[in-house]
Amino acid sequence: MIFRTPLEGIEHPQMEADVVIVGGGPAGMACALRLAQLIAAHNAAHPDAQLSKENIYVLEKAREIGQHCLSGAVLDPRSMDELLPEWRTEAPIEAEVTSDSVYYLTRKSAFKAPITPPPMQDHGNYVISLNRFTKWLGEKVEAAGITLFSGFAGSELLLDGSRVLGVRTDDKGVDKTNRPKSNFEPGYDLKPKVTILAEGTRGSLTKQLCERLGLLENRDGVIRNPMTYGVGVKELWELPSGRIRPGEVLYTMGYPLTTMEYGGAWIYGGAENPGGKDNTVSLGFVTGLDYPDPRTDPQHVLQSFKQHPFVLRLLQGGKMVRYGAKTMPNGGWWAMPPLGGDGWMIVGDAAGFLNSQRLKGIHLAIKSGMLAAETAFEALTSGDSSAKQLAKFQQKVESSWIRQELYPVRNFHQGFEHGFVSGVLNTGLLMATGGYGLRNRYPAHAGHERMRPLWDIMGYPKSREQLLGPAKGDGQLTFDKLTDLYHSGTRHEEDQPAHLIIHNTDICNTRCTREYGNPCQHFCPANVYEMVEDADAPGTRRIHLNAANCVHCKTCDIMDPYQIIDWVPPEGGGGPSYDGM
Amino acid sequence: MAETILVIAEQREGKLNRVSLETVAGAQALAKQTGWTVEAAVVGGESLAAPAAELAKTAVAKVYAVEDASLEPYTPDGFVTALKAFIESRRPKLVLLPHTYQVRDFAPKLAATLGAALVSDAVGCRYEGGKLIFTRQMFQGKYAADISVAGDGPCFASFQSGAYRADQVAAGDAPVEKVSATTGEIRTRPEAPFKEVQQAVDLSQAGIIVSVGRGIKELKNIEIAQALADALGGELAASRPICDAGWLPMARQVGSSGQTVSPKLYLAIGISGAIQHVVGMKGSRNIIAINKDAEAPIFEIADVAVVGNLFDIVPALTEEVKKAKG
């Protein structure tokens, strides 16, 4: 099996720049927009000392801005009000939230919480499609004069010691055997003064940076928790009007998960469709990537959720129009990496700016992007982008409302490490103590470490079939993984090396089969990983990759129990097509 | 005098591309609604006699062989210059073409030089209220859009393969008229066409396709399917896992990341019918599916469903076919 590795002996065109933002999601877009605003204001005040916007670039691996953006989503308007005060009149909004409710599901029943717990109250928030919203932000960024390179991935970090020199974009036209094709184009070496990593959840360059610079080690008196994640598997539905009204927000906990798993579902009512007969509804399930049973299949969990009588009656007569999946970092404050250093900053989900209690991160991503832009602006005007200068980003975050929001929930997810019941009890305790709980910093374990080997889970109750193995689907309201995947619109250039690098496939074919039963087949929401009969060694199976199916969720990079999978970006332009997601 | 529908047929090295007959069938269907006359034209060098004669066997008013030595081999400049002059002299109301790779190459340029509209990859056409309405698919077939064309000039449209049936062409006996093509500057000089190292396969031209999926289990079992394909006179194809494993070349892959085919007969052997495969063959006229899983999704679109072991059924089927063919 040949994986995507950097080609040797290739000359890469060099391009100097002022700022490069890797990633065109809400954090990257907010950063670019804020930077443009600051430069415009500066230029208006200093007509003889103008700054140029021409050397600021945003790299986005999708073919179009927003195409890889997937979220529920409910947006807290706080940061948008700061970034673009008139945004409500211009931005695509599905609906203003009209009601919110939380349900606890058992196998057959649904119990509504008498009041929605305050962190999940959404009054004043907005149901949006992150794909559409980011696309609109992209238009604003381009109108503001910043260049967006879509179809270009940030492929490798360029480092000199501990200084980030820049980013190398993906080589185009490399064939399946990792050799140049007739349309080969080497990636560009972009060398900005400031590199801002806004890659989103489990960013590949962010991972490279943290590994090469040892950013996640405990040092300088700071102890860091490992980042933990959940995977959100989402379907977009057209439902008959009245079932879930625009602006109606529901959260559920419990079934189909058991007390051993973390997670829950969302159902958000979106806008009415022309004709008034139906409206778009966003529906999905977040499964914590710290479950014990290696046969757990998050896509199956979503299908089982839909089969619950409470949900089934909502979906009757409806039509599933889009499918997708994405992980989200729920580790909280203690799991965030250092935010700025010599020539670099990290914003958005890549740094873990997410409030796991409220299930919201978009507003934090936007605010973090804005603060990074202010820091970058100061670096440009002072000519200093050293670690000392960019560490100011960390200070800005800590003195902003980001800390006010994230610090009190710093132990929220860790509280669930021993199951649902203790999680709820812990949450109560944490809320009463301003987040301190029993000892200010609750430790956490990386999710993949919580996976039990097969012999350990044999004793677990049988009533867990709704989580395990592949979903069958009835083709109407529930779907098998391949049918769901078809609706993600995912497409890649076929003749390219596999971008999911497995460092030791022998482990897959021998040890992992014995110990965990190859959980990659189950946790990947896109059917990328399959164990197939080995034609050369009849009776045995080996790992096979359907790399072109990948939806860029990063679950494999996170959850593989041996941590031998490295997700790197495929050739730019490939990936899912999350219209309306 | 009635308006004319002109069908531009496609030929290569003296052989008529079968899909041109589908376009003729479409033109004839439209002529019934409008009362217009159908004529056909084929463009090329010296080898037009055979394709023109084949077109002449259909119920069209006339067949034109638009020829000049410089038009062999095909070049976009050559074809556009020749057809522009020809169309200006004949003034058809509507020009229909099959949506082939070659048509995709020259038709936009041709329509643009005439200032005419081109509705490409249409799946149907009708005449309503004095207007031509073309139907096009959008969003991978989720929506169908009706398109009408404004303006007086000739209107161009290309039909998607399978939109009309070549076997529904009304037969006739048309005169063939040779036309000396107008020539002009040709800016490109095509090299000799080359085939892939493996034998090039064009599944879109196959009338019968025998397709295998994971159910075939091993590479060596594919010869069972090959035997059936040979007996039927059809082509061998496969679903994605077979081609991914390298058991058959990518050129034989049918599906969303392979080819879309619409043969008269499609035999799906050991294919489960995942949606990614089905979108590549659901336009087939007749679908026979053989699978041991009674709940395989392929059976939802199969015309004939055979639930059983393909290793028993396919060899027996091959024998029966051979006997029937004598």
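## Nonpolar cores

A nonpolar core is a set of buried Ala, Val, Leu, Ile, Met, Phe, Trp, Tyr and Cys residues joined through C-beta atoms within 7 Å. A residue counts as buried if 20 or more other C-beta atoms lie within 10 Å of its own, as exposed if 12 or fewer do, and as partly exposed in between, with C-beta atoms placed from the backbone. The model is predicted: local features need pLDDT of at least 70, side-chain atom pairs count only at pLDDT 80 or more, and totals for chains, interfaces and linings use all residues. Residues are numbered from 1 along each chain as its sequence is written, while chains are lettered from A and ligands numbered from 1 in the order in which they are written.

The largest nonpolar core has 149 residues, and those with the most contacts inside it are Cys31(A), Ala32(A), Leu35(A), Ile196(A), Met345(A), Val347(A) and Ala376(A). Helix H8 (residues 362-382) of chain A contributes the most to this core, with 12 residues; helices (H or I, at least four residues) and strands (E, at least two) are DSSP runs, numbered from the N terminus. Another core, of 52 residues, lies apart from it and includes Leu6(B), Val95(B), Ala122(B) and Phe134(B).

Two residues are in contact if their C-beta atoms, placed from the backbone, lie within 7 Å. Leaving aside residues up to four places away in sequence, Met345(A) touches Val194(A), Ile196(A), Leu339(A), Gly340(A), Ala372(A), Thr375(A), Leu390(A) and Phe393(A).

## Overall form of chain A

Chain A contains 17 helices and 26 strands. Its radius of gyration is 23 Å, close to the 25 Å that the globule rule gives for 581 residues, so chain A is as compact as a globular protein of that length. This radius is taken over C-alpha atoms, and the rule is 2.2 Å times the number of residues to the power 0.38.

The C-alpha atoms of chain A fill a box of roughly 70 × 60 × 55 Å along the principal axes. Of the 581 residues in chain A, 53% are buried. Among contacts in chain A between residues at least 6 apart in sequence, 78% join residues at least 24 apart.

## Domains and chain contact

Domain bounds come from an automatic or database domain assignment. Chain A is divided into domain 1 (14-72 + 135-226 + 333-409), domain 2 (95-129 + 228-327), domain 3 (414-448) and domain 4 (450-567). The C-alpha centres of domain 1 and domain 2 of chain A lie 31 Å apart. Their contact takes eight residues from domain 1 of chain A and 12 residues from domain 2 of chain A.

In chain B, the assignment gives domain 1 (4-180) and domain 2 (203-325), with C-alpha centres separated by 32 Å. Six residues from chain B and six residues from chain A form the contact.

## Strand E19 and its partners

Strand E19 (residues 278-288) of chain A is mostly covered, with 10 of its 11 residues buried. Two strands pair if DSSP finds at least two bridges between them. Strand E16 (residues 229-240) of chain A runs antiparallel to E19(A) and is joined to it by 11 bridges; Glu238(A) has Thr280(A) in E19(A) as its bridge partner.

E18(A) and E19(A) are also antiparallel, joined by eight bridges, and Ile267(A) stands opposite Leu283(A) in E19(A). The hairpin of E18(A) and E19(A) has five residues between the strands, and there Gly275(A) takes a positive phi near 110°.
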